[in-house]
Amino acid sequence: MNISKNISAVVSLPVISHHGAVDGVTGSCHRLTINPNFSLLIDCGSFQGAETSGKADANSPHIDFEIDSVAALIVTHCHIDHVGRIPWLVAAGFRKPIYCTPATAHLLPLVLEDAIKLGITKDKRLVESFLKVINSLIAPVEYKTWFSLPLGENAKNGEKVKFKFQPAGHILGSAYVEIDCHKHRFVFSGDLGAPYTPLLPSPKAPYKADTLVIESTYGDKNHIGRKQRRAQLKSVVERCLENNGAVLIPAFSIGRTQELLYEIEDIIYRSANNSTWQDLTIILDSPMAADFTAHYKKLSALWDKEAKRKLKQGRHPLDFDNLYTIDDHQQHLDAIEYIRRKGSPCIVIAASGMCSGGRIMNYLQALLPDSRTDVVFVGYQAKGTPGRDIQKYGPRGGYVVLDGQRVDIKAGVYTLSGYSAHADQSDLINFVKRMRYKPGHIKIVHGDDEAKVALQAKYQALLPECFVEIAG
Ligand SMILES: [Zn+2]
Ligand SMILES: [Zn+2]
């Protein structure tokens, strides 16, 4: 069945449709259909928690849409909720180019290797053959460089499509993408960073957009300032350490972990006379996060001015004396057992960021019932994830179900709202306000309902003539 043909019968092309990130923040996958035989996918992420689209959800990340007309996949950045369904796309027969920035091209195979092992197969040979196909499809395109897509025999009336990546300041290699077709400029925001995201330069607004598809994770909130945020992290950690327990920080392996290391290094540097910080052990218990940290270090050319200045001063913002990296699985289990029995004032950073898998799960199972423990959330927790439940029920002494087991929460639970690799409401508004030529059509995706509605109202007030809709 040719779905795009059916679409073209009822609406005029090009048209944007969505295979995820419309009911929540995960599963990003948008489609720009240019003609019945030519469409582009922008991201192909997996779902987390209760979020779904069509038949696809966290447990069955199926490709439940037509892919014959898809000429290419354009990847904005390599967070799992933007790329996690790529192995399933390949399994469904997709053999077209996967365009992304060079840094994303570096990181993507690592992320997908993990996704394949967790979701498809642990068979080494199969994993390798999957990765071989994916690697052969990945095509890096530099930032700020137009790339023309051959429309070939599908071209009508001199139709042309080209796209360009622009820095999004969200994680290393992240981009928003501008797509030109029929003199119409489409902009897909991907995930936009906050101006004060450590390490990365902040995103600049596009010169113009006719149609904008924009994320709205924090469409109804504004973050606190950077200094205040660092002070908050410092005081929460100090409070947590008073009872000699562990401070667990669930964090995405890519982006958030490196930002935290960067901030912690800075706190240690500024607390030269404070033994709490000078003697504190920071455990990074995530082989993948360690891998990515190594890549972040290697790609320091993409860092912002402040981070580069620190390097010049001889500081190592992502690698410092108190940092201890756990790789081996037995070491991981030993560390948990040691902390559980003896208690130990330390910070543990482990994935996943929403507590829906990964090594943080073992820490939570062992340490949530211990009142010496504290959990500090620094990232967005999607509905239906254990992270959201701990965040919600933890402060009232509730429980959470982890791997089918009820775990009582005696640990302290804190949420640091200022830490986010996402633009807040004012950043999202500025992204549009600072465009030279403003959009006539805005589609809001990638957010909870309240965030989307709040942002819609703001955009509508800013641009009364613009058609501002919530994608559905
Ligand atoms: Zn992201
Ligand atoms: Zn996202």
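1. At what angle do helix α11 (residues 329–342) and helix α12 (residues 360–367) pack, and how far apart are their axes? In this predicted model, the angle is about 20° and the axes lie 10 Å apart. Angles under 35 degrees count as roughly parallel, so α11 is described as roughly parallel to α12. The crossing of α11 and α12 is right-handed.

2. The residues behind that packing can be listed. Helix α11 contributes I336, I339 and R340, while α12 contributes N362, Y363, A366 and L367. By class, the contact of α11 with α12 has five nonpolar residues, one polar and one charged.

3. The axes of α4 and helix α9 (residues 287–298) are 11 Å apart, and the two helices pack at an angle of about 175°. Angles over 145 degrees count as roughly antiparallel, and α4 and α9 are therefore roughly antiparallel to each other. On the α4 side the contact is made by H106, L107, L110 and D114; on the α9 side it is made by M288, D291, F292 and H295. These residues divide into four nonpolar, two polar and two charged.

4. On the overall division, the protein is split into domain 1, which covers 3–221 and 421–470, and domain 2, which covers 226–415. Taken over C-alpha atoms, the centres of the two domains are 29 Å apart.

5. One open sheet has six strands in the order β1-β2-β3-β4-β5-β6, and its pairing is mixed. The edges are held by β1 (15–18) and β6 (138–140), each with a single partner strand, so one side of each has no neighbour in the sheet. From one strand to the next the twist averages 25°.

6. Within that sheet, strand β5 (residues 98–100) and β6 run parallel and are joined by three bridges. I98 has I138 of β6 as its bridge partner. Helix α4 (residues 102–119) lies across β5 and β6 and runs at about 155° to β6. Helix α4 is also the partner of α9 in the packing described under point 3.

7. Another open sheet is formed by six strands in the order β14-β13-β15-β12-β16-β19, with parallel pairing. Which strands stand at its edges? They are β14 (323–326) and β19 (412–415); each has a single partner strand, so one side of each is left without a neighbour in the sheet. Neighbouring strands here are turned against each other by 20° on average, direction ignored.

8. For a closer look at this parallel sheet, take strand β13 (residues 281–285) and strand β15 (residues 346–350). The two strands pair in the parallel sense over four bridges. L284 stands opposite I349 in β15. As background, strands of a sheet pair through backbone hydrogen bonds, either parallel or antiparallel.

Conventions
Residues numbered from 1 in each chain as written. Chains lettered and ligands numbered in written order. Predicted model: local features only at pLDDT ≥ 70, side-chain atom pairs only at ≥ 80, totals over all residues. Domains from an automatic or database assignment. Pairing = 2+ DSSP bridges. Axes fitted to C-alpha atoms, helices over the stretch in contact; angles between N-to-C directions. Contact = placed C-beta atoms within 7 Å. Parallel < 35°, antiparallel > 145°, perpendicular 65-115°, else oblique. Left-handed = near helix turned anticlockwise from the far one by under 90°. Nonpolar A, V, L, I, M, F, W, Y, C, P; charged D, E, K, R; others polar.
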